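The entries follow in the order of looking.

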Amino acid sequence: MAIAIILILIVIASVLFHLLAPWHAAPPASNWGSIDTTMFITLVISGIFFVAITVFMAVAIMRFRHREGVRAHYQPESKKLELWLIVITSIGIAAMLAPGLVVYNDFIRPPKEAYELEVIAQQWQWAYRFPGQDGKLGKSDIKFVDAANPLGVDPKDPAGQDDVLIISSEVRLPLNRPVKVLLRSKDVLHDFYIPQIRSKMDIVPGMVSYFWFTPTKTGKYEVLCAEFCGVGHYNMRGQVIVEEQGAFDQWLSTQPTFAQTLASAAKPSRDSLVEKGRQLAEKYGCVACHSQDGGSSLGPGWKGLYGRTEQLSDGSHVQVDEAYVKESILKPQARLVQGYPPVMVAYTLSDDELGALVALIRSLGTAQQGNEGSAGAGEDPVAQGQQLAQSLGCLVCHSVDGKQGVGPTWQGLYGSTVTLADGTSIKADESYLRESVLEPGAKIVKGFAAVMPVFKPSDKELAALIAFIKSKANADTDASKAPTGKSP
């Protein structure tokens, strides 16, 4: 009886939650109404079946509950019941599919005056292309892709010379103007998804899929990839900014055309090699895993990397010079940096391309220049510890600003009381930090899994790391009061 009552309460709560929910869909695009109506019809039909099946279960539990001396009637089959189930189920499925087919038919039939926008997907970034003054997009093909032509526009097609290229994950669109979105992939399967506008379509390599919508509300809308496309999938984000036509035209006029991009690539200049390296990094998706601003990323950051001494996964050390950078690109599994997963694929690049990438990395600063203005890091243990934490990948799991991470935050850690997985407590002093680095599985902090790898830094490096953690101490913070994780 209790189970039957619980089932009835679940039905009542579900219906009330839907009717009284404070969340409502916003209307940022022209065809949001038909899409939301289709979703509502699907929800209603699914809800009816949910209520009917759950109520039937509750009635069956009450009516056919166990009773002394009463046996259930055995009925191996009922053609009448089977017929009813087939008919009702078929009607329900058809009722859910039909509106979707009608809406999809409208979704892929853009008006003749629609403004075209080509979206190019690549692990793990977005790029865009608008037609130029002639109103036509030039032909494109993957065979034309190179450092100077990352979107693969046909250089011999006159219609493509004035095409406007947006080599960025941010794009802008004019308000109240129909937009036909053409979707193309340079590598694997992706999915272009703007949740607030209810626009979503798979991007299949070798095909050009499309849909359309009319932006009806200014604002910023997040772009996501809704199809798993590799280890950097989570980071494949972008932004669509909808603005007035005048503001859009002004922005578009400042963007380079395909012809200007080719001319710039052909013109020799002092920074041409670095620019070529930047284009290659965009083309091959390097920037999705390697940050250029010192931030945490899936692979080692490039800022201040060149000339630095890195610790490898086998405990040895290597200086990041030109030979090491080239080897890491051609044979990324040969010498893995400590703290980073072996997920990078091998690239086959020419000597010129390798030289351009090396030039780009060198342009982002060297170890001698310091990281984030910390000149003289070799003499300052805190600055040296910060560089080590970045190069070893510590800051991927441990935050320094109190935010939740894979491991406990380093803000306020030193000197605090830490609760371990076995229920005991320990003070996070220098001895504890040293043991946590060298033997991370010895004393696991409560609340997180034991996933930290073993590090083998030198005594000087270990002292620098501890000095950096000490610099983040806060006497008022108690690590036992905040969520903690594996040993630091």
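I began with burial: 42% of the 488 residues in the chain count as buried. The model is a predicted one, and I kept that in mind throughout.

Next I listed the secondary structure and found 12 helices and 14 strands. I then looked at how far contacts reach along the sequence. Of the contacts between residues at least 6 apart, 67% join residues at least 24 apart.

**Confidence**

I checked pLDDT before going to details. The chain average is 80, and 88% of the residues score at least 70. Two stretches I set aside. Over residues 368-378 pLDDT stays under 50, and the model has 17 contacts beyond four places in sequence for that stretch. Residues 475-487 also stay under 50, with 43 such contacts in the model.

**Cores**

I looked up the largest nonpolar core, which has 38 residues. Which members touch the most other members of this core? They are Trp126, Tyr128, Phe130 and Phe192. Strand β1, residues 115-122, supplies the largest share of this core with 4 residues. There is a second, separate core of 24 residues, and I noted Trp302, Leu357, Leu360 and Ile361 among its members. As background, nonpolar side chains in soluble globular proteins tend to be buried together.

I then took Phe192 and listed its contacts, leaving aside neighbours within four places in sequence. Among them are Trp126 and Tyr128, together with Val119, Val181, Leu183, Met201, Ile203, Phe211, Val223 and Leu224. Ser199 and Lys200 are also in contact with Phe192.

**Helix pair α7 and α8**

Packed helices are described by the angle between their axes and the distance between the axes, so I recorded both. Helix α7 covers residues 322-330 and helix α8 covers residues 351-363; they pack at about 120 degrees with axes 10 Å apart. Because of that angle, α7 is oblique to α8. The crossing of α7 past α8 is right-handed. On the α7 side I found Glu322, Val325, Lys326, Ile329 and Leu330 making the contact. On the α8 side the contact is made by Leu354, Leu357, Val358 and Ile361. Two of these names, Leu357 and Ile361, I had already written down as members of the second core.

**Helix pair α11 and α12**

From α11, Glu430, Leu433, Arg434, Val437 and Leu438 meet Leu462, Ile466, Ile469 and Lys470 of α12.

I stopped at Val437, which lies in helix α11. Is Val437 buried or exposed? Val437 has a relative accessible area of 10%, so it is buried, the cut-off being under 20%. Val437 and Lys456 are 19 residues apart in sequence, and their C-alpha atoms are 8.0 Å apart.

**Single residues**

I looked up Ile197 and placed it in the loop between β6 (190-194) and β7 (199-203). Its relative accessible area is 0%, so Ile197 is buried. I also checked Ile197 against Ile35: they are 162 residues apart in sequence and 9.7 Å apart in space, C-alpha to C-alpha.

Asn176 came next, in the loop between β4 (170-174) and β5 (179-185). I noted a phi near 60 degrees for Asn176, a positive value in a residue other than glycine. Most residues other than glycine have a negative phi. Asn176 has a relative accessible area of 53%, so it counts as exposed, for which the cut-off is over 50%.

Last, I went to Met1, in the segment before α1 (2-20). Met1 is exposed, with a relative accessible area of 56%. How far apart are Met1 and Met62 in sequence and in space? I recorded 61 residues in sequence and 6.1 Å in space, C-alpha to C-alpha.

Notes
Residues numbered from 1 in each chain as written. Heavy atoms only, no water. Core = buried A, V, L, I, M, F, W, Y, C linked by side-chain atoms within 4.5 Å. Buried < 20%, exposed > 50% of the residue type's maximum accessible area, 1.4 Å probe, protein only. Helix = DSSP H or I, 4+ residues; strand = E, 2+ residues; numbered from the N terminus. Contact = heavy atoms within 4.5 Å. pLDDT = per-residue confidence, 0-100. Axes fitted to C-alpha atoms, helices over the stretch in contact; angles between N-to-C directions. Parallel < 35°, antiparallel > 145°, perpendicular 65-115°, else oblique. Left-handed = near helix turned anticlockwise from the far one by under 90°.
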